[in-house]
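Please read it with the sequence and the coordinates open beside you.

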Amino acid sequence: MTPKFLPTAAAVLAVLLFAGCRPGGGQPAEPAAPPAGPPVQTGYAQVNGLNMYYETQGQGRPLVLLHGSLSTIETSFGKLRPGLAQSRQVIAVEQQGYGHTGDIDRPLAIEQMADDTVALLDRIGVGNADFFGYSMGSSVALQIAIRHPEKVRKLVLAAVSYNNSGFHPGMLDGIDELKPEDLAGTVYESEYLAKAPDPAHWPVFLEKTKDLDQNSPEVPAETIRAIKAPVQLIAADSDIVTPEHTVELFRLLGGGVMGDLNPLPASQLLVVPGTSHIGLVDRADFLLPAIPPFLDAPMPGEG
């Protein structure tokens with residue numbers, strides 16, 4: 001199905017900046033479905049006024065998955081989670097108003113999502129964990145590292161920007177023009193209607209999502225430099241975040257050294273070739289060989 005766009009594609013993408021699923025109603029042909037992996041368990045936790053939905057899969061060190069905007073656990077991580085759960089306990093959450101988690105009477109905010117996620121982990125007895133955020137979820141993971149550093153062992157940030165200058169020019173243009181009918185027939189709408197506790201809330205949720213995209217937190221460079229957790233930065237080579245911004249962020253995290261003459265930095269950079277923002281989480285062929293070794297490597301000073 002051809003996706004329905006506003007007069008400019010940037011106007012739609014302004015709301016779908018952090019989207020973790022494909023536009024249109026279908027998926028491209030895939031050579032094979034991902035393995036089922038260990039059994040998935042589901043649950044809800046009462047946190048900060050939310051009845052927050054989560055799923056767990058596998059056993060071992062906790063890895064928290066944080067989805068993209070207008071997305072769900074499945075649309076952001078369906079191709080990656082089974083492989084990740086082979087050697088760790090994967091905990092995937094759905095944020096306020098997303099997927100199975102109902103909306104409440106407060107704005108959507110990245111900082112609040114970070115606090116909600118930490119509150120959920122406290123409620124289910126998870127202390128220090130690794131975090132893998134995609135797009136909007138990478139901004140949430142970044143805020144967890146800033147606001148709750150004691151919770152974070154390592155971070156995997158896919159398609160992350162620490163300020164709005166990191167996006168390609170025009171990405172925020174036309175955001176106020178988006179209407180529910182512009183997303184009619186897309187997977188974003190169908191996922192919401194299928195999983196939301198109140199499907200009729202879709203127009204309200206979309207308005208709140210537009211506000212969220214216009215008010216993303218801008219993180220000072222010195223705050224990025226102060227992050228102690230090792231970070232694996234992942235970007236598509238044709239992402240919504242410019243390559244220059246991703247490299248700039250990598251340098252703030254201690255990267256960009258000459259590794260033959262200096263110790264390798266604790267943080268890493270992975271650029272996935274021939275890939276767009278929306279297609280990034282489909283690239284299990286690149287991501288699954290890269291993410292588990294990064295997470296499994298000893299922390300600095302562990303030997």
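1. What percentage of the 303 residues of the protein chain count as buried? The value is 53%, where buried means under 20% relative accessible area, exposed means over 50%, and partly exposed lies in between, with a 1.4 Å probe and protein chains only.

2. This is a predicted model, in which local features need pLDDT of at least 70 and side-chain atom pairs count only at pLDDT 80 or more, while totals for chains, interfaces and linings use all residues. Residues are numbered from 1 along each chain as its sequence is written, and side-chain values use heavy atoms, with hydrogens and water left out.

3. The secondary structure of the protein chain comprises 10 helices and eight strands; these are DSSP runs numbered from the N terminus, with helices being H or I of at least four residues and strands being E of at least two. If one takes contacts (heavy atoms within 4.5 Å) between residues at least 6 apart in sequence, 76% of them join residues at least 24 apart.

4. The accessible surface of the protein chain amounts to about 12500 Å², and 54% of this belongs to carbon and sulfur atoms; accessible areas come from the Shrake-Rupley method with a 1.4 Å probe, and for residues only the protein chains shown count as cover.

5. In the largest nonpolar core, which has 53 residues, F131 and I224 touch the most other members; a nonpolar core is a set of buried Ala, Val, Leu, Ile, Met, Phe, Trp, Tyr and Cys residues joined through side-chain atoms within 4.5 Å. Once neighbours within four places in sequence are set aside, I224 is in contact with L142, Y162, V219, L249, L252 and L253. Another core, of 27 residues, lies apart from that one and includes L80, Y134, A158 and A290. In soluble globular proteins, nonpolar side chains tend to be buried together.

6. Helix α7 (residues 202–214) has 13 residues and should span 18 Å at 1.5 Å a residue, which agrees with the 19 Å between its end C-alpha atoms; the expected span is 1.5 Å times one less than the number of residues. The buried residues of α7 include W202, F205, L206 and L212, and also K208, K210 and D213.

7. L70, in the loop between β3 (62–66) and α2 (73–77), is buried at 4% relative accessible area, and its C-alpha lies 8.6 Å from that of E191, 121 residues away in sequence.

8. N48, which is not a glycine, has a positive phi of about 50°; N48 sits in the loop between β1 (40–47) and β2 (50–57) and is partly exposed at 43% relative accessibility. S135, in the loop between β5 (129–134) and α5 (136–147), also has a positive phi, near 60°, but S135 is buried, at 0% relative accessibility.
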